[in-house]
Amino acid sequence: MILNEAHEALRTVVRNVPADGWELPTPCAEWNVTQVLQHAAGDQIGYAAFITGGPMPAENPFAPSGRLAEAPEVVAEQAMKASADAWATVSPDAEEVPVPVPPNTMTYTLGIGACALDAAVHAWDIAMATRQPSPLTPAMARELLEIAKQHIEPLRAYGVYAAALEAEDGDDVATLLRYLGRDPHWSA
């Protein structure tokens, strides 16, 4: 399932951030690695909260402080567990699942895909910032691109995603990243 793949990508890159890598710049120009992790974790908790009615993230995911209350791996795992557990309560046939992004309800397939997209793209951000291999596979990128095309455009108006970069011939991962407004060749 795409959410499991995305969570594994995030888990792997967080586990492999070097001790001195948490302050490095990322493709998210305003945020360092710690802040991207906070944002990604906050988004996963947000999806869980909308589904379950549980608590929202302690911090605004769009204004991360850069200070973690717990070890990075713990922050990531708790957020991913909350998200996975919440999605496990939703029927795959559900037509209206509450989600933290406009229009605030999606089908199960689109909603879980949007949640996975968020985790996967931020895994890529962290990986690039810390000189790790891309956690995105071509198959994952193809699936996530189809999901992105169904819900990203309205979010750009809120600054959630940058404008898409001009399409170029390239692989599936680069195509997804360019659609999300990220330079597939970004480096620190």
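# Close-up views of a predicted model

View 1. Asn-104 sits in the loop that joins strand 1 and strand 2. Everything shown in these views comes from a predicted model. Asn-104 has a phi near 75°, a positive value although this residue is not a glycine. How exposed is Asn-104? With a relative accessible area of 32%, Asn-104 is partly exposed. Pro-103 is also found in this loop, which runs between strand 1 (97–98) and strand 2 (105–106). The peptide bond leading from Pro-102 to Pro-103 is cis, and its omega is near 15°. That is worth a second look, as most peptide bonds are trans.

**View 2. A positive phi at Arg-131.** Now move to the loop between helix 4 (108–129) and helix 5 (138–156), where you will find Arg-131. Phi of Arg-131 is near 55°, again a positive value in a residue other than glycine. Is Arg-131 buried or exposed? Its relative accessibility is 66%, so Arg-131 counts as exposed.

**View 3. Helix 2 beside helix 3.** Helix 2 covers residues 33–52 and helix 3 covers residues 72–88. Their axes lie 8 Å apart, and the two helices pack at an angle of about 25°. Angles under 35 degrees count as roughly parallel, and helix 2 and helix 3 are therefore roughly parallel to each other. The crossing of helix 2 past helix 3 is left-handed. Which residues of helix 2 meet helix 3? On the helix 2 side you can look for Leu-37, Ala-41, Gln-44, Ile-45, Tyr-47, Ala-48, Ile-51 and Thr-52. Their partners in helix 3 are Pro-72, Val-75, Ala-76, Ala-79, Ala-82, Ser-83, Ala-86 and Trp-87. Sorted by class, this contact has 13 nonpolar residues, three polar ones and no charged ones. A handy tip for reading such lists is that an α-helix has 3.6 residues a turn, so residues three or four places apart point the same way.

**View 4. Helix 1 beside helix 3.** Here the angle is about 175°, and the axes of helix 1 and helix 3 are 10 Å apart. Angles over 145 degrees count as roughly antiparallel, and helix 1 and helix 3 are therefore roughly antiparallel to each other. Helix 1 contributes Leu-3, His-7, Leu-10, Arg-11, Val-14 and Arg-15 to the contact. From helix 3 come Pro-72, Glu-73, Ala-76, Glu-77, Met-80, Ser-83, Ala-84 and Trp-87.

**View 5. Two residues in the loop between helix 1 and helix 2.** Start with Val-17, which belongs to the loop between helix 1 (2–15) and helix 2. Val-17 has 10% relative accessibility, so this residue counts as buried. Leaving aside neighbours within four places in sequence, its contacts are Trp-22, Val-33, Ile-126, Thr-130 and Gln-132. Look also for Ala-127, which is 110 residues from Val-17 in sequence, with 7.9 Å between their C-alpha atoms. Pro-25 lies in this loop too, between helix 1 and helix 2. Pro-25 and Met-128 are 103 residues apart along the chain, and their C-alpha atoms are separated by 9.5 Å.

View 6. How many of the eight residues in helix 6 are buried? Six of them are, so the helix is mostly covered. The buried ones are Val-173, Ala-174, Leu-176, Leu-177, Arg-178 and Tyr-179. These buried residues pack against helix 4 and helix 5. In the segment after helix 6 (172–179) you can find Leu-180. At 1% relative accessibility, Leu-180 counts as buried. Not counting residues up to four places away in sequence, Leu-180 touches Leu-117, Val-121, Ala-148, Ile-152, Arg-156, Tyr-161 and Ala-162.

**View 7. A stretch named in a record.** UniProt, in an unreviewed entry, places the feature "domain: Mycothiol-dependent maleylpyruvate isomerase metal-binding" at residues 4–127. Over this stretch the chain is 56% helix and 3% strand. The end C-alpha atoms of residues 4–127 are 18 Å apart.

Conventions:
Residues numbered from 1 in each chain as written. Predicted model: local features only at pLDDT ≥ 70, side-chain atom pairs only at ≥ 80, totals over all residues. Heavy atoms only, no water. Axes fitted to C-alpha atoms, helices over the stretch in contact; angles between N-to-C directions. Helix = DSSP H or I, 4+ residues; strand = E, 2+ residues; numbered from the N terminus. Parallel < 35°, antiparallel > 145°, perpendicular 65-115°, else oblique. Left-handed = near helix turned anticlockwise from the far one by under 90°. Contact = heavy atoms within 4.5 Å. Nonpolar A, V, L, I, M, F, W, Y, C, P; charged D, E, K, R; others polar. UniProt positions renumbered as here; feature names shortened; annotations may be inferred. Buried < 20%, exposed > 50% of the residue type's maximum accessible area, 1.4 Å probe, protein only.
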